[in-house]
Amino acid sequence: MKIAVIGLLTLGALTVSACKENKEQTANTTMQHDMNGMKDGETMEGMSMNENMTVVEAKKSSANLDNLTSNYMQLTSALADDNAGEAASSGKDMVQSLAKIDQTSFSTEQKKEYADIVAEIKEHAEHIAENAGNIEHQREHLDLLSADFYDLVKDFGASKPVYKVFCPMYNDSKGAFWLSSSKDVKNPYYGKGMLTCGEVQEEIK
Ligand SMILES: [Cu+2]
């Protein structure tokens with residue numbers, strides 16, 4: 001059993017490295033503190049200040065990425081439900097949302113940041129859309145896609161708080177994170193096999 005699982009993970013790692021592109025994460029983490037911060041009412045709601053959770057303030061600008069973000073949230077919830085078909089259609093929706101994003105309100109810096117991320121998001125979304133028959137492969141792409149979304153949310157903000165949740169077991173115990181609109185842990189990498197495995201590490205707002 002254990003051996004079978006390890007074998008599967010190894011196979012998974014090989015498959016994904018075959019199809020993932022070379023990922024250069026530009027460490028563009030400079031943050032602007034030029035906003036007045038939080039909207040009243042939505043700030044500390046439900047927040048009990050977990051032990052290790054950090055709160056990060058993102059740049060705010062684009063409500064126009066909200067559809068894309070909600071496609072991502074649908075994707076994670078489909079995978080947490082072990083529903084590969086629904087995950088595939090979230091991937092398809094994501095590709096469509098990408099096509100509709102209006103960059104006219106982006107700053108020059110944001111246009112550059114967006115250009116760096118968008119091609120990767122599109123590729124992962126397409127692979128997820130095409131793999132309704134292979135949920136493990138969809139999950140491998142979620143791992144990579146989540147890193148892109150993390151950058152996106154940091155660069156552009158989100159209209160509601162976004163939580164970074166870490167699962168230490170995925171990827172042969174290298175761990176993987178996903179983003180969530182809630183602090184409730186519903187693990188998209190394992191679904192009902194290990195639904196509540198994960199720890200909220202960060203709130204981005
Ligand atoms: Cu793929």
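Predicted model: local features only at pLDDT ≥ 70, side-chain atom pairs only at ≥ 80, totals over all residues.
## Basis

Local features are given where pLDDT is at least 70, side-chain atom pairs count only at pLDDT 80 or more, and totals for chains, interfaces and linings use all residues. Residues are numbered from 1 along each chain as its sequence is written.

## Helices α4 and α5

Helix α4 (residues 108-130) and helix α5 (residues 135-156) have axes that come within 9 Å and cross at roughly 160°, the helices being DSSP runs of H or I of at least four residues and the axes being lines fitted to C-alpha atoms over the stretch in contact, with angles from 0 to 180 degrees between N-to-C directions. Because angles over 145 degrees count as roughly antiparallel, α4 is roughly antiparallel to α5.

Among the residues making this contact are Ile117, Ile121 and Ile128 of α4 and Leu144, Leu145 and Phe156 of α5, where contact requires C-beta atoms, placed from the backbone, within 7 Å.

## The largest nonpolar core

The largest nonpolar core has 35 residues, of which Leu75, Leu79, Ala87, Phe149, Val153 and Leu179 touch the most other members; such a core is a set of buried Ala, Val, Leu, Ile, Met, Phe, Trp, Tyr and Cys residues joined through C-beta atoms within 7 Å, buried meaning 20 or more other C-beta atoms within 10 Å. Helix α5 supplies the largest share of this core, nine residues.

Leucine 75 touches Ala87, Ser90, Gly91, Ile128 and Leu142, leaving out residues up to four places away in sequence.

## Glutamate 203

Glutamate 203 lies in strand β4 (residues 199-204), a strand being a DSSP run of E of at least two residues. Its contacts beyond four places in sequence are Met53, Val55, Pro161 and Tyr163.

Methods:
Contact = placed C-beta atoms within 7 Å. Parallel < 35°, antiparallel > 145°, perpendicular 65-115°, else oblique. Buried ≥ 20, exposed ≤ 12 C-beta atoms within 10 Å, placed from the backbone.
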